[in-house]
Protein chains: 6
Amino acid sequence: MRIAVCPGSFDPVTNGHLDIIARASKMFDKVIVAVLHNSSKNSLFTLEERVEMLRINCEGIGNVEVDSFSGLLIDFLKLKDAHVIIKGLRAVSDFEYEMQMALMNRKLDADIETVFMMTSSKYSYLSSSLVKEVARHKGCIHGLVPNMVEEELKKRFNI
Amino acid sequence: MRIAVCPGSFDPVTNGHLDIIARASKMFDKVIVAVLHNSSKNSLFTLEERVEMLRINCEGIGNVEVDSFSGLLIDFLKLKDAHVIIKGLRAVSDFEYEMQMALMNRKLDADIETVFMMTSSKYSYLSSSLVKEVARHKGCIHGLVPNMVEEELKKRFNI
Amino acid sequence: MRIAVCPGSFDPVTNGHLDIIARASKMFDKVIVAVLHNSSKNSLFTLEERVEMLRINCEGIGNVEVDSFSGLLIDFLKLKDAHVIIKGLRAVSDFEYEMQMALMNRKLDADIETVFMMTSSKYSYLSSSLVKEVARHKGCIHGLVPNMVEEELKKRFNI
Amino acid sequence: MRIAVCPGSFDPVTNGHLDIIARASKMFDKVIVAVLHNSSKNSLFTLEERVEMLRINCEGIGNVEVDSFSGLLIDFLKLKDAHVIIKGLRAVSDFEYEMQMALMNRKLDADIETVFMMTSSKYSYLSSSLVKEVARHKGCIHGLVPNMVEEELKKRFNI
Amino acid sequence: MRIAVCPGSFDPVTNGHLDIIARASKMFDKVIVAVLHNSSKNSLFTLEERVEMLRINCEGIGNVEVDSFSGLLIDFLKLKDAHVIIKGLRAVSDFEYEMQMALMNRKLDADIETVFMMTSSKYSYLSSSLVKEVARHKGCIHGLVPNMVEEELKKRFNI
Amino acid sequence: MRIAVCPGSFDPVTNGHLDIIARASKMFDKVIVAVLHNSSKNSLFTLEERVEMLRINCEGIGNVEVDSFSGLLIDFLKLKDAHVIIKGLRAVSDFEYEMQMALMNRKLDADIETVFMMTSSKYSYLSSSLVKEVARHKGCIHGLVPNMVEEELKKRFNI
């Protein structure tokens, strides 16, 4: 069984993330969406909330699991017997940082491969932080995130 | 009347900013320089000081106004009946971030267009933060900012 | 009256080109689409055919004219009393080449400004040469070019 | 069965290509290396020679097949019942061109996904054309291509 | 005597840094490795520790000196009668930031030249911050930093 | 004695080339400008003419020699007992191609180092091919090339 891991902060999950997860789910036997527990970075939603929002929105895709991790990503892959890391790409600077991470991960574990997939061009400008910025100023985020995430963001920012 | 908005932090205005503002003023009936009131980011100069420095240095250009805004840029444009956002470009990483912002702004309001203009090549290395860094260490910033801004920076850093 | 020139080979015009032309037409009093007569480069369509396809597809936009030029672009601008060059951007390598051209044109005539506008993200992968490549191999180009251009391409490649 | 296609000119195959093919073979049930029959581009080796060199060098990898194609890549994928295109990446300009191709291929067939994999950093400077250029001037290409390809190149350039 | 300065935070020195320092030492009569005393940025190792680790690891190279500086880099160069700044490059975004700094430094002192050298491709993914991140999570950093630096990092993170 | 080689087509030499040559001449004991004899590429000026134009314009710089080469650049360096290749940089795409060449040259001869220097920002848009394009259409190239090269270009294009 080929297992791939799709890591990220998902604070919160966007339609761009879901687009990549759905594409990846067709290519591998199992895709594990792995939410990073990053203690040093301030997140808007707690780890539990981020995992929950992903779970609800990935329910329809049979071979997708949602989990969380802290520490090194490659340790999480070993634990899950996974050998592939999936990264969605939007832009060149994305690519360079991801390339650096991919080479480091390959150094740390030669059996692990990173593959890059392209976000749908209609989500090419989308990021969690930009969505939060727009929501904070009461801009319309409809269509950028799942409906239930839109509701959660509105609650947070008292809209 | 075609109105364009040129947004930024302008902390402080540089000769590169003024170069773009002057170029834009020839292309549109009115150019509104919009200083971002960003409460979370530490600025060296207050919003009032940044606006004032811009006003003094744009005085010679008849169709330029200086104003400030907080919140979403597109809301400011609606308020001012403006339909064009002007961004100066220096480098590729500038461009990618700005492209992301431009696509998001277009999503938020389809009537608003972002246009990119090139800074004069002699200012291609210039940014407010780099100017402040040089001034802080008592390096010469002559020719990088207007004279009165140079004086203000010297005062701040006790030079 | 503010006149802008939108230059290119347009061999043939795509929906990405028309997207930029329509956006530009809202920003300037007149937009002149200028088809390059490039004797050294092999084009699929003749200069006359390229101009004609543009004319038919720009008919609905009142302030757009279609013309052709050879030689230096800035000489064409002077002839037409235009001061702005409009370039659509898709990618970083586009941007760098265009930046080089923009600086050279500014050197040749300091009164001329180049502005960059972003193609709709749904056309971000589109180019005339890619469209021709797909059509040559009988791939579906529907939605990438105007219908009449699609018909012309099919005729050329005996589809 | 998940089938992926790894397309290219392979004129000739390099150790960088073989690195990507080997990595891909671990991720999919079958990898079809697809040599492009490009009538317009001058190749050093004939289509048959390029296919043969790949076959010999992929012999050790059980789930790799070598084939050739002309026309649209997506038509070849349909014929082979494959749904994934694999592209090796070295640099940013690679990435942008490949991104454009990937989006066009997705438009032509929504069921087809392009995934990008990173070449080993030790091959990051390697390309078939650069290898040919070095061999032509009798430079040492040992370690850049398989030994039998090295021999063939030496024969061609009378070394 | 041609003196070059190789500036950086070196928190801590990596094998990529040492690769660049060794390459530079062959090109100039003296290379001064200049450790930045940056009071605002949190460093893992103190200035003294960073200098010491560099000194021990550069001992074998006769014409390399290790020193520290605060303030403007060009003032340090003047003090040392040096005219060349050496920067190692890995990626495009590196390059753009460094290009901006190089042009600013040239503006501040026209006699000073910045030269860029390429890190060995085997260190293309290496940075001090990434090494610290891996070490913090108890990942293997062997081969990425000198052995004594590896020991220091393990001590810091209680491995 | 430290000898550096500055290779190129120089068809013809521009003020940007001379800027880099002058900067390099201060850093090395001898700089050899090496004009590529490229039989396959059509050049406007013959090898002899290109060498001659460089010689005349480098006369004032004592430690600069002009020569020509064909074949591999590293073989030319060995012949001249040189260990450094100097490349001027303008843009990102420049950088990527040059990085590829630099790594290949390092593979071919580990003793040879490539260093990158930045063109003056006022020449950041300049290239021989763009200068020829402008001259061909009778545009003003004053200030872009040395006066005698300007005269030669005018003669060629009957201006």
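Predicted model: local features only at pLDDT ≥ 70, side-chain atom pairs only at ≥ 80, totals over all residues.
Some bookkeeping: residues are numbered from 1 along each chain as its sequence is written, and chains are lettered from A in the order in which they are written. Local features need pLDDT of at least 70, side-chain atom pairs count only at pLDDT 80 or more, totals for chains, interfaces and linings use all residues, and side-chain values use heavy atoms, with hydrogens and water left out.

**The interface**

On the chain A side, 26 residues are in contact with 26 residues of chain D (contact means heavy atoms within 4.5 Å). Together the two chains bury about 2,300 Å², with 63% of that on carbon and sulfur atoms; buried area is the accessible area (1.4 Å probe) that two parts lose on being put together, summed over both. In chain A, the residues losing the most area to chain D are A:R2, A:M27 and A:M118, together 29% of what that side buries.

Four salt bridges link chain A and chain D (a side-chain nitrogen of Lys or Arg within 4 Å of a carboxyl oxygen of Asp or Glu). One of them joins A:E113 and D:R23, at 3.1 Å, N to O.

As for where the chain A side comes from, β4 (84-89), α4 (92-108) and β5 (113-118) each supply at least two residues, and α4(A) gives the largest share, seven residues. Helices (H or I, at least four residues) and strands (E, at least two) are DSSP runs, numbered from the N terminus.

Ten strands form an open sheet with mixed pairing, in the order β3(A)-β2(A)-β1(A)-β4(A)-β5(A)-β5(D)-β4(D)-β1(D)-β2(D)-β3(D). β3 (64-69) of chain A and β3 (64-69) of chain D stand at the edges with a single partner strand each, so one side of each has no neighbour in the sheet. From one strand to the next, the twist averages 35°. Two strands pair if DSSP finds at least two bridges between them; here are two of the pairings:

| Strands | Sense | Bridges | Opposite residues |
|---|---|---|---|
| β1(D) and β2(D) | parallel | six bridges | D:G8 and D:V35 |

**Helices on the sheet**

Axes are lines fitted to C-alpha atoms, for helices over the stretch in contact, and angles run from 0 to 180 degrees between N-to-C directions. Helix α1 (residues 15-25) of chain D packs on the sheet too, touching β5 of chain A along with β1, β2, β3, β4 and β5 of chain D, and makes about 120° with β5(D).
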